[in-house]
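Okay everyone, thanks for coming.

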Amino acid sequence: MHLVEIHKIEYHPESKGYILVLKKTEGNIKIPILIGSNEAQSLSLAYEDIRLPRPSTYDLIINLIQNLDAELKHVTINKYDKGTFFSNIVIKKSTIKIDIDARPSDAIAIALKALIPIYVSNNILKIKKYKDLIKKQHFSEQIDHSKNTYNEKEIMSNLIEAMNKAVKEENYE
């Protein structure tokens, strides 16, 4: 595993998103990760150590973990598949190590707020060398779902069945 830090967060007009650039602390290797505008804002607040009047979701998560007598250890960005990066938040509770799957932007924001290290795996360093890495990344809403086929009659039947059950049980919420 290789220690990284945030190099910069910048707007990427072509994708209409933002690029989070991680830089290996020893060396000049940079890893670009495409993130949304909300994620960029949250990361910027955490990076600049700007405190909000009320706890953010990341503060809540950190507080929960600490109040359950567990310890945030580090974040690892460990996989890249079909245009998406994957990461884990590593927590230690007594002698038990727990890996929690998280979006890299969320995991990194938690790492910044909790002051824990951010690592990338060897696999990530290998894919970094691919050309046009940003073009291969996507937001989930950019995935072409038009190739999916749906059975409209089955969907309608399931919806009507669920509605009838809700009415019968008087469960309207």
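Predicted model: local features only at pLDDT ≥ 70, side-chain atom pairs only at ≥ 80, totals over all residues.

Let's start with helix α2, residues 57-67, and helix α3, residues 104-114: they pack at an angle of about 65°, and their axes are 10 Å apart. Those axes are lines fitted to C-alpha atoms, for helices over the stretch in contact, with angles running from 0 to 180 degrees between N-to-C directions. Helices here are DSSP runs of H or I with at least four residues, strands are runs of E with at least two, and both are numbered from the N terminus.

Residues are numbered from 1 along each chain as its sequence is written, and side-chain values use heavy atoms, with hydrogens and water left out.

Back to our pair. α2 and α3 are roughly perpendicular to each other, a label that covers 65 to 115 degrees; under 35 is roughly parallel, over 145 roughly antiparallel, and the rest oblique. So who makes the contact, meaning heavy atoms within 4.5 Å? From α2 we have Tyr58, Asp59, Ile61 and Ile62, and from α3 Asp106, Ala109, Ile110, Lys113 and Ala114. By class, that's six nonpolar residues, three charged and no polar ones. For the classes, Ala, Val, Leu, Ile, Met, Phe, Trp, Tyr, Cys and Pro count as nonpolar, Asp, Glu, Lys and Arg as charged, and the others, Gly among them, as polar.

Eight of its eleven residues are buried, so α3 is largely enclosed by the rest of the structure. Buried means under 20% relative accessible area, exposed means over 50%, and partly exposed is in between, using a 1.4 Å probe and protein chains only. The buried ones are Pro104, Ser105, Asp106, Ala107, Ile108, Ala109, Ile110 and Ala111.

A salt bridge here is a side-chain nitrogen of Lys or Arg within 4 Å of a carboxyl oxygen of Asp or Glu. How many salt bridges does the whole structure have? The search finds seven.

Let me show you a few. Glu10 pairs with Lys8, with the closest N and O atoms 3.3 Å apart. Glu10 is partly exposed at 34%, and Lys8 is partly exposed at 36%. Then there's Arg51 with Asp49, at 3.0 Å between the closest N and O atoms; Arg51 is exposed at 58%, while Asp49 is partly exposed at 47%. And Lys97 bridges to Asp99, where the closest N and O atoms are 3.8 Å apart.

Ser121 is buried, at 11%, and leaving aside residues up to four places away in sequence, Ser121 touches His2, Ile77 and Asn78.

Finally, zooming out. The chain has six helices and seven strands, and buried residues make up 35% of its 173 residues. Among contacts between residues at least 6 apart in sequence, 50% join residues at least 24 apart.

Notes. Contact = heavy atoms within 4.5 Å.
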